[in-house]
Every structure is written in C-alpha cells, then in structure tokens.
Amino acid sequence: MLFNPLKKSNKDFTTSDLPSNRFEVIKDVILVDFPLLLKLGLLITIFAIPLLAGIVAKDVLLIGFKTMVDNGEIDQSAYINMYNTTRIAFSGLIGISFPLLGIGFAGAIRVIRQRVWQNPVFLISDFTEGIKLNIKQYLIHGFIIGITYFGLQMLPYTGLNEIWVGVFYVLFYGALFPVSILAMNMAQVYTNSFILNVKNSIFIYFKQIFVLAALSLLVVSGFLTQFITMVTVKYIVLAFYFIVLLPLFLLINIVYTYYCFDKFINKNRFPELYDRGIYRKIK
C-alpha cells in the first residue's frame, strides 16, 4: 500500500507547461532532473580523481612536515625547503591533471546541452558522444589552463612585484578561464575549429564581460578550497562542489551562454538554433 498515492493531474501536459524563458529552463532542469545533475557531478568527479589525489597527497605530506618540525625532528630551514619542493612538485602534477578534467567537461556539457534543448537525454551515450566529438579542443583547453595554473603557483618564487602577481591572477580568472569555458560551450554547438571558437568567444566575452566573468567564477570557485586550512572541511567542501555545485554552475553558465549565442550568432546566421528549448508564450 502506498503511503503517498499518486494523483492524476487535472489537466493534460501541453507546450504551455514548457519553459518559456531561460530562467524557466534552469528551473525546469533543477526541479525535474536534479538527479541527472548529480550523476553528471559523479562522472566529472571520476575525471577529477588525479587532481583530487594530488591535492590530498600534497596536504598529507605538508601536514607531515609540519608535525616533524613541531616535534623537533627537522629545523625550520629544512621544513621550508621541503615545503617549497613539495608545493612545486604537486602544483605541476595537479596542473597536468586538468586535461583529463577537460575531457569530463566535454561529456558533461554535451549532456546539459541536450537537456537544455529539450532533447531526449541518454546519459552515458550522450556523455561519451560529447567526448568523442570534441576531445581535442577540450584537451587543449585543459592543457592551457593546467600550464597557467602551474605558472600562477610559481609566481611567489619569482620575486615578482605583488601588483604584477595580482595582474596575472586577474588575467587568469577574469579573461583566460571565462574565454575557455565559453569556447568549450561553443564547441558543443558549432563545428568550428579551436581557433575560430576562441576568436568568437573573445568577441562575445567582451560584449557580455561582467555577467560571463561572474558565471565563470562560479564554475572555477572550487579553487577557493585551497584557502581552507581544516583538511576535513576542505575535502567535504570539495566533494560537495564537484558532485552538487559544479554541474549546477555549468547549467547556469550554459543557459546564459546560449542566450549570448542567440544574440550574437544564431538570430541571423542559425535561426534553427535560436531560442532552442524555449517555448515563448504568444501574447
């Protein structure tokens, strides 16, 4: 016997019940297919395992070194050398893990595209199709982001003025990453070359810079966990970010990106893509 028996709807489902604007698209995906987002988060996490393993291994070693210096087993000078060596080595290892994470993004963004466009979603086949069709471009983006990440981690050892260090961080978070995520989204919609996707993304980004920058910061917000000193809390937040927040942030980013594509590309060049997945109500 059902404790909460299902009740038949009093009206038939019609196109008027479908999303009529982009906010409703986001709302529809969250309310109807939130488990799909969680599954995507788990799939992305699989591709993030090398990155997460590098973070954990680095933390374990650094905590061990701190314990050794506190117990008098090594002096402060030796601790500083061991700390810097470990940080440099694992920054490199974490950096080279980004191309693999990029492959996970290729699959996840494809699945979200299908759902946003109101197409049937077949999680595994759509995920693998997204990888198959765009793996090269996503690997390049992952490689560029990984190399840049490593370079940023090395800045404190260069003796560079703090102002210039800040400039490089702003360029990464305020330009390189937003353009990359925009180009990744574009690769799932158009059959363009990597260079053309980047050029078009730069054009669109500077037309909608403030919103796109803010939305890309949501996607990359997981980097903020490096400032959490309590490792248990840090790992809980990281897990929550990858499984729950990241697919949600990707959804929001993609929906707004498609608005930009409609505004600057689809309206005139690809009308069949304009407002796809949205059913405007006739006034």
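## Thr-86 in helix α3

Let's start with Thr-86, which sits in helix α3, residues 76–95 (helices are DSSP runs of H or I with at least four residues, numbered from the N terminus). This is a predicted model, where local features need pLDDT of at least 70, side-chain atom pairs count only at pLDDT 80 or more, and totals for chains, interfaces and linings use all residues. Residues are numbered from 1 along each chain as its sequence is written, and side-chain values use heavy atoms, leaving out hydrogens and water.

Is Thr-86 buried or exposed? Its relative accessibility is 9%, so Thr-86 counts as buried (under 20% relative accessible area; over 50% is exposed and in between is partly exposed, using a 1.4 Å probe and protein chains only). Thr-86 touches Lys-58, Leu-61, Leu-62 and Phe-65, leaving aside residues up to four places away in sequence (a contact means heavy atoms within 4.5 Å). The side chain of Thr-86 also reaches the backbone oxygen of Met-82 at 2.8 Å.

## Val-121 in a loop

Now for Val-121, found in the loop between α4 (98–116) and α5 (123–154). With a relative accessible area of 26%, Val-121 is partly exposed.

Which residues does Val-121 touch, not counting those up to four places away in sequence? They are Leu-36, Val-111, Gln-114, Arg-115 and Asp-126. Arg-110 is 11 residues from Val-121 along the chain, and their C-alpha atoms are separated by 9.8 Å.

Technical notes:
Helices (H or I, at least four residues) and strands (E, at least two) are DSSP runs, numbered from the N terminus. A polar contact is a pair of N or O atoms within 3.5 Å; within protein, one must be able to donate a hydrogen and the other to accept it, and residues adjacent in sequence count only if both atoms are side-chain atoms.
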